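Thanks for coming. I will go through a few packing details, and the model is on the screen now.

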Amino acid sequence: MSMSSPPDPGPGNAASNQVNRALRRVAIAVLVMFVLLLVNVNRVQGFEAGSLAADPGNARTFSLQFQYQRGPIMTSDGVVIAESRHVKGIYSYQRYYPDGPAFAPVTGFDSIYSATGIEQAANRYLSGTDPQLTVRNVIDELTGKPRKGATVELTINSAAQQAAYAALKSTGLPSAAVAIDPSTGAILALASYPTFNPNKFATFSTTQLNKIDHQYLINPGNPLLNRAIDQTYPPGSTFKVVTASTAFSTGRYTPTTPAYAPTNLKLPGTTHELINYDNLPCNNGNNSSGNGKVPLIFAFAESCNTVYGNLGMHLGGSAIAAQADKFGFNRSNISIPLPVAQSNYPPVPDPALTAYSAIGQYNDTVTPLQVAMLSAAIANHGTLMAPYLIKQVTDQELTPVVITQPRVLSQAVTPRVASLVQQMMVAVVKEPYGTAHQTAYLPNIEIAAKTGTAQNGINNSGQDNAVFTAYAPVSHPEIAVGVIVQHGGLGADRSAPVAVQIIKAYLNYLASQAKRSG
């Protein structure tokens, strides 16, 4: 039996196979693209839904943000400082700030174009778009409840904030103040002057909004600048808290250590001389010639530049820089959650420049927040807590979504060193020769403080910046304050009274709460 060869497929069958292979390739390609599409859809829904919903460029988000009630912003003592009110028109809700100018550096504003302050930093909670609020939003929708953003409760105390704003305004000068709870880092007040009215930014008219924005931007007082955290200044003699801490941390010095106290300190490698304020000698009765020695505590309380400039040269720029770092200087990542400008103490290898930097001049720069942190660390036995502004976030049912836990930023100094610095800060207010003896006094309240008169490049009398850092009560610190008044002259004259008003208002609030609960 002979074998027969397979039939010839012929040209028709070959063409059919090629078509089938092409169709299979197209089908596979379509299937792959479909799978990729499903993967991407799930990725977007699972991981990017919140950010897309919160994106102000999202047209749907833009049209809906004024149809739902944005969550309120409240102080720690229950005062509403930002809320959304029902209005007539194409939009259902409009933002309103009951005491706008006083709290503007904290709340910022929410407009149809943009947001600032807490309105921006906590937008995902206030708008209700944070993924943690998704379940709550779904439940509200199913039960017919109107959608509402979460409540953001701040650490701010309304009494302290209002006192800070009123005191700064009374100076009539560009200025800022920050108050902190030393034991937790909670910010009790954050005020800046001149300020702005956030209600003006809540308009739905683009023409009006552009007009208001332009007016504020060209205002020479720069009211949109948050001087409390966005602007830096020379710290002046408040930096002597850092220099003294550096000295005490070596174990070679105490408040009673005699220190060289010339009227004019000759600086090595230069013809310049460092002088005390008004070129007066550092005189405690035993140094009438201005070339003897005085205890470090006397030089601190009287704020003798030549003593601490000379001490700085002996300690060295690197040692002072390392100590400054522990107090929060040279950190670019401090957020409260509002971003904070970096306070700086660059290492200074030159002894002459170190003398200037040791007394808070040369390249030293601080925010008012950093000035408050100096006192906060000493008040808290040397432990510097991270400053923060948001206490908690709660949904419509008052269920906590976020609760801020206090955390340690650094161990600035040991408890022993903090105790020694405290002795010196108490002398600034308590002793008759202290620079704040007449300006930082409160009946029955002991205040620890340090004044600063910081040069700002203007040589005219009275044009220096007035700087002040303090905490109280000394026996049980409840509040630490930092104040800077631009062109305020002597630190004790313009900035100390501001701090005293803040301290007084907050301690009175605590006393009233204790009386009410007792």
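Predicted model: local features only at pLDDT ≥ 70, side-chain atom pairs only at ≥ 80, totals over all residues.

Residues are numbered from 1 along each chain as its sequence is written, and side-chain values use heavy atoms, with hydrogens and water left out.

Helices (H or I, at least four residues) and strands (E, at least two) are DSSP runs, numbered from the N terminus. Strands β15 (residues 448-454) and β16 (residues 465-472) run antiparallel and are joined by 7 bridges; two strands pair if DSSP finds at least two bridges between them. In β15, 6 of the 7 residues are buried, so the strand is largely enclosed by the rest of the structure. Buried means under 20% relative accessible area, exposed over 50%, and partly exposed in between, with a 1.4 Å probe and protein chains only.

Next, the helices. The axes of α7 (residues 158-171) and α16 (residues 491-517) come within 8 Å and cross at roughly 160 degrees, which makes α7 roughly antiparallel to α16. Axes are lines fitted to C-alpha atoms, for helices over the stretch in contact, and angles run from 0 to 180 degrees between N-to-C directions. Angles under 35 degrees count as roughly parallel, over 145 as roughly antiparallel, 65 to 115 as roughly perpendicular, and the rest as oblique.

From α7, the contact (heavy atoms within 4.5 Å) uses Ala159, Ala160, Ala163, Ala164, Ala167, Leu168 and Thr171. From α16 come residues including Arg494, Gln501 and Tyr509. The contact residues of this pair divide into 11 nonpolar, 2 polar and 1 charged. Here Ala, Val, Leu, Ile, Met, Phe, Trp, Tyr, Cys and Pro count as nonpolar, Asp, Glu, Lys and Arg as charged, and the others, Gly among them, as polar.

The other pair is α9 (residues 240-249) with α15 (residues 415-430), whose axes come within 10 Å and cross at roughly 135 degrees. These two helices are therefore oblique to each other. Among the residues that meet are Val241, Ala244 and Phe248 in α9, and Leu420 and Met424 in α15. That contact divides into 8 nonpolar, 2 polar and 1 charged.

Leaving aside residues up to four places away in sequence, Thr243 touches Tyr308, Leu311, Leu315 and Ala358.
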